[in-house]
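This report describes how the chains of a model meet and how selected parts of one chain are arranged. The sequence and structure are shown first.

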Amino acid sequence: MIPHLSFLLFSIFLLYLIRNKSFSGLIHILISFISFLFSIHILINKNIFLYKEVNVIEVLENIVISFNLDYLGLVFLVVSNGLWFMTSIYTNRYLKLNDYPRHGKFFIFFLISMMSTNAIIYSANLFTTFIFYEILTIATYPLVTFKSDEKSILSGKKYLYYLLGTSIIFLLPAIIITYNVTGTLTYTENGIFSTHDYNLINLLIILFLFGVAKSAVMPFHKWLPTAMVAPTPVSALLHAVAVVKSGVYILVKIMIYIFGLNVLKKTGADLFILFASLTIILSSIIALKQDSIKLRLAYSTIGQLSYIILGVAILAPYSILASILHIIFHALGKITLFLVSGSIATQTGIKNVTKMDGLSSRLPYTCLLMSLGAFIMVGLPPTIGFISKWYLVIGIIESNQLYLLILIIASTILNASYYFPLIYRSYFMPNSINSEIKNEEDVQLIAPVIIIGLISIILFFNLDSIIMFLEENIILK
Amino acid sequence: MNQIPILIITLPLLLTPILLLIRKINIVYALTLIVSFINISLILALGAEVYNNGSIIYELGGWPAPIGIRLNADLLSCYFLTFINVISFLCLVSSKDIIKHQIHEDNIYLFYIAWLLCNIGFSGIVLTDDIFNLFVFLEISSLSSYFLISQANYKGTLLAAMQYLFIGSIGAVFILLAIGILYAHTGTLNMHDLAMKIGQAKFSESIVFALGLLLAGVGIKSALFPLHGWLIKTYAYAPSIVTTYFAGTSTKIGVYILLRVFLDILNSINPLEYYGLAQFILFISLLGVFLSTLYAVKQKEVKKMLAYSSVAQLGYIIIAIMLLIPDGLTASLIHVVNHSIIKTGLFLIIAVIFINNQNVIIEDLSGLGKKYPILMSCFFILGLGLIGLPITSGFISKWYIITAMLKSEYWYFTFIVLLTSFMTLSYVWVLIEKIYFATNDNDDAINNISIYQMFCIITLTVMTIYLGLETSLTSGIAENISNDFYGVTGK
Amino acid sequence: MLYVLNMTLFLIGLFIIVRESNLIKKVIGLNIFQSSVFIFYILISKVEGGVPPIISADQSIYSNPLPHVLILTAIVVSIATTSLALALIIRIKDKYGTIEEDDIDLG
């Protein structure tokens with residue numbers, strides 16, 4: 001873990017030194033590749049690397065910055081680094097095609113963001129998590145405001161205020177209260193709370209839920225659509241994978257390793273279920289109204305994240321499995337969709353759903369991948385999205401909270417309603433595109449997405465090993 | 001070793017008349033720097049000794065207390081002494097290039113002499129064990145500060161200095177009268193003796209009156225809301241290097257006097273709890289923190305914005321003290337140092353860049369990100385420290401303050417602290433946005449920032465990050481001090 | 001009784017500082033204010049039946065000399081403050097042409 005993080009830290013300086021050179025993008029690809037190799041290395045040699053807590057520095061009494069890795073983290077580690085690598089290839093090309101200046105600075109902040117994400121994955125306690133959570137917010141700010149026009153700066157301000165505000169007002173007191181009640185902040189199996197005080201736990205649930213605003217639970221979700229002013233690679237990797245998944249990952253870890261499933265069973269995870277459900281429904285309704293492709297995808301993300309939270313909140317082994325799987329599957333699907341939308345915008349200038357008519361004749365591969373992404377999101381059978389939904393349903397039935405089935409069905413219908421226009425219009429509507437196609441299906445833009453798509457398909461057929469892996473190691477209840 | 005406390009005061013004091021005779025600026029400056037540096041070395045040695053072996057007492061003229069005047073260097077004194085002198089030194093180092101532009105050339109040597117005297121005053125306040133001596137040193141530092149403030153040739157300077165003079169003198173006279181009343185009841189001026197005797201004294205309304213006077217006097221000196229008006233004017237209209245110096249020191253001295261008098265000397269009659277003073281000050285400070293943060297958000301002038309920010313941060317410190325629990329005292333002491341470093345850094349950056357401007361408005365910050373990249377990254381880090389984001393010392397202070405508030409009986413007011421932290425984000429971010437995003441078509445020449453100034457600013461920034469990660473210097477010592485005060489054993 | 005008069009002086013001085021707009025009058029108020037405190041110290045030093053504190057053979061009760069000494073220090077401080085204030089007033093007059101605080105135009 002430490003070599004991995006140190007490598008990333010060192011490469012920040014490296015990128016800083018070459019920030020004005022044109023090949024900084026290529027170096028970035030190389031760095032992300034090496035990071036991916038690190039994660040694979042850890043995956044293969046997991047027995048050596050897992051569960052070895054490393055304390056870096058004692059900041060306050062009994063509060064250390066320390067790192068550790070468990071299986072949940074391992075899953076997320078491989079997924080995020082792999083997707084980072086794929087996206088870096090896309091990004092390099094995207095920036096050039098869209099005439100963005102100052103590539104070097106972009107990649108530095110991208111690198112810091114991914115380093116923070118990795119550090120969050122490696123965090124062994126809430127304190128370390130908090131530190132890198134805030135660093136992630138600050139590191140993504142220059143990326144959100146990269147276009148430096150007035151709209152970006154205003155959006156960036158809103159983004160920052162939402163994220164930093166919620167973490168200062170809700171997350172920080174939550175952590176301090178937790179520390180004062182339990183005396184520790186370390187992620188521990190079965191949680192760190194020995195008390196079942198209903199009011200305290202529920203208060204903390206609210207504070208954590210709103211404090212970790214990166215998980216985009218309503219009402220503090222607004223930062224995500226606002227962040228869509230960023231260049232698409234930023235929206236794709238950070239706001240579909242790194243940032244939001246970090247948020248959800250943190251919440252899942254808090255639910256499992258800080259509260260502990262037993263405590264949640266006794267006090268009831270109702271608040272989680274309540275807000276997650278509200279978010280799922282409301283975000284889908286709002287997504288229906290969005291004409292901008294990116295905004296529609298953003299609201300879809302908000303809903304999907306709440307699926308993950310819901311899965312853990314149901315407290316059934318299958319639903320928790322569903323959540324973890326969905327962390328992976330949603331990342332794959334969403335990033336496909338975002339990268340595709342970026343390609344469409346770059347090559348045709350189209351950013352709205354209503355203008356997508358007949359796109360498939362111009363950009364066939366792109367639209368095919370987009371359809372795949374949409375299928376995953378809705379959860380249709382030949383795709384991995386179906387698997388996670390299936391397990392979620394089994395978990396709901398197991399835990400006897402059948403009213404949630406209505407929620408799942410309703411939201412799936414809503415999801416379908418706002419995803420299908422994308423497919424329908426591009427394939428079945430007559431071609432009405434007037435704008436010039438700049439580059440027919442640019443290879444560098446499409447290749448990473450094809451690879452991600454292929455992985456999604458391969459995963460569908462090779463799920464057994466993954467599920468066994470997860471069941472054995474994580475669902476140890 | 002026993003002689004060090006008196007040396008810290010007399011060494012610069014002896015230098016002062018010599019400097020008065022030497023009029024050459026360079027020699028005066030060099031000697032001032034040398035003495036300050038020697039002082040810091042002495043203070044560090046003193047601090048180490050006191051930390052390991054307990055307080056050091058020096059009796060002036062060999063006269064034993066309570067007849068004679070004593071200097072008592074205990075952990076609290078050394079804590080304050082260290083950071084005040086280090087900040088003074090850093091500001092002095094940075095002042096050389098700026099001073100010529102802001103102050104009339106003939107007065108520069110007097111300026112440095114006054115600076116030395118002010119520092120002597122601060123050191124004396126912190127070291128003395130005699131309450132009247134406290135008043136004398138307080139007046140020494142106040143008088144020199146009136147002079148220092150009046151030296152700028154901005155439009156509002158003289159009037160601001162005048163108003164500060166009046167309100168400062170009123171405060172000092174309040175304290176003087178209070179000392180007189182306490183002396184009348186106990187017959188002693190020595191702090192330790194007073195602490196013992198005041199508990200045995202017969203109750204009288206005049207003692208309550210004295211407490212009120214003390215509170216008012218100390219409140220004026222430490223810019224307690226709503227007695228903070230002088231601070232805003234002073235910070236805005238003084239020479240920028242003077243503002244930088246005072247931002248980190250003068251109000252903290254007020255806090256020291258508050259601690260010494262109310263927690264230490266008056267411990268046996270415990271006025272804060274008994275008369276509900278703590279609650280009163282707590283609520284006023286909560287209001288003050290909220291209002292001054294609000295004012296800071298609305299400000300268009302940078303110096304006034306930072307000044308209101310200082311008032312708010314000072315409010316946090318006072319709130320933490322008034323919780324009357326050991327964790328509160330620890331939190332306030334930690335924030336005293338952390339905030340001083342951050343504020344001094346912020347003001348110093350403004351000072352070295354804007355040498356000639358009187359009013360630095362937010363618009364002036366446009367485009368500085370490109371002109372002064374290193375300085376602006378320091379500004380950014382210090383700004384994050386002010387908000388209280390992790391890795392900076394400000395976060396540590398926030399952690400302790402919030403912990404203390406949650407543990408106290410006023411935990412429901414924690415949201416005010418949290419809310420104002422969020423509001424702090426908004427006014428700091430206005431500055432950051434201007435620095436990095438706005439473009440300045442005005443092709444102002446880039447100031448030559450000397451390497452010494454760069455060194456000072458970077459030192460302050462590094463200290464902010466260092467104290468954000470390795471907190472034994474601040475929280476370790478602060479916890480020791482509060483344990484001594486509250487008699488808590490173990491930990 | 002004397003204490004009451006003393007406090008009256010205290011309040012008069014304070015009132016003058018706050019109320020007057022002429023700077024010189026304010027300084028006068030400051031002086032009255034400070035002097036009242038000096039008088040207070042001297043008042044408390046009087047010991048009933050005591051004589052001035054100069055040692056002589058046939059007296060045994062003396063007034064307390066310590067406050068007198070304290071007051072000397074405080075008077076020095078007061079003088080320094082007054083002179084600084086007056087110097088500032090001169091400079092203000094040079095710069096603004098008036099010493100009425102209300103009339104000073106900061107532009």
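## A buried loop residue

A residue counts as buried if 20 or more other C-beta atoms lie within 10 Å of its own. The structure discussed here is a predicted model. In it, A:Ala227 has 27 other C-beta atoms within 10 Å and is therefore buried. This residue is placed in the loop between α9 (223–226) and α10 (232–259) of chain A.

When neighbours within four places in sequence are left aside, the contacts of A:Ala227 are A:Val144, A:Ser155, A:Tyr159, A:Ser235 and A:His239. A:Leu30 lies 197 residues from A:Ala227 along the chain, and 27 Å separates the C-alpha atoms of the two.

## The hairpin of chain A

In chain A, β1(A) pairs with strand β2 (residues 63–67) in the antiparallel sense, over five bridges. Within this pairing, A:Phe67 in β2(A) is the residue opposite A:Val54.

The hairpin formed by β1(A) and β2(A) has two residues between the strands, and A:Asn62 takes a positive phi near 65° there.

## The contact between chains A and B

Chain A contributes 20 residues that are in contact with 22 residues of chain B. On the side of chain A that touches chain B, two or more residues come from each of β1 (54–60), α6 (126–144) and α7 (150–182) of chain A. The largest share belongs to α7(A), with 13 residues. Sorted by class, this side of chain A holds 15 nonpolar, three polar and two charged residues.

## The contact between chains B and C

Between chains C and B, 26 residues of chain C are in contact with 22 residues of chain B. On the side of chain C that touches chain B, at least two residues are supplied by each of α1 (2–19), α2 (23–45) and α3 (66–96) of chain C. Here α3(C) gives the largest share, twelve residues. The class division for this side of chain C is 19 nonpolar, four polar and three charged residues.

## The overall arrangement of chains

Which chains share the most contacts? Of the two pairs of chains in contact, that pair is chains B and C. Chains A and C, by contrast, do not touch, and their nearest C-alpha atoms are 35 Å apart.

Methods:
Residues are numbered from 1 along each chain as its sequence is written. Chains are lettered from A and ligands numbered from 1 in the order in which they are written. This is a predicted model: local features need pLDDT of at least 70, side-chain atom pairs count only at pLDDT 80 or more; totals for chains, interfaces and linings use all residues. Two residues are in contact if their C-beta atoms, placed from the backbone, lie within 7 Å. Helices (H or I, at least four residues) and strands (E, at least two) are DSSP runs, numbered from the N terminus. Ala, Val, Leu, Ile, Met, Phe, Trp, Tyr, Cys and Pro count as nonpolar, Asp, Glu, Lys and Arg as charged, and the others, Gly among them, as polar. A residue is buried if 20 or more other C-beta atoms lie within 10 Å of its own, exposed if 12 or fewer, and partly exposed in between; C-beta atoms are placed from the backbone. Two strands pair if DSSP finds at least two bridges between them.
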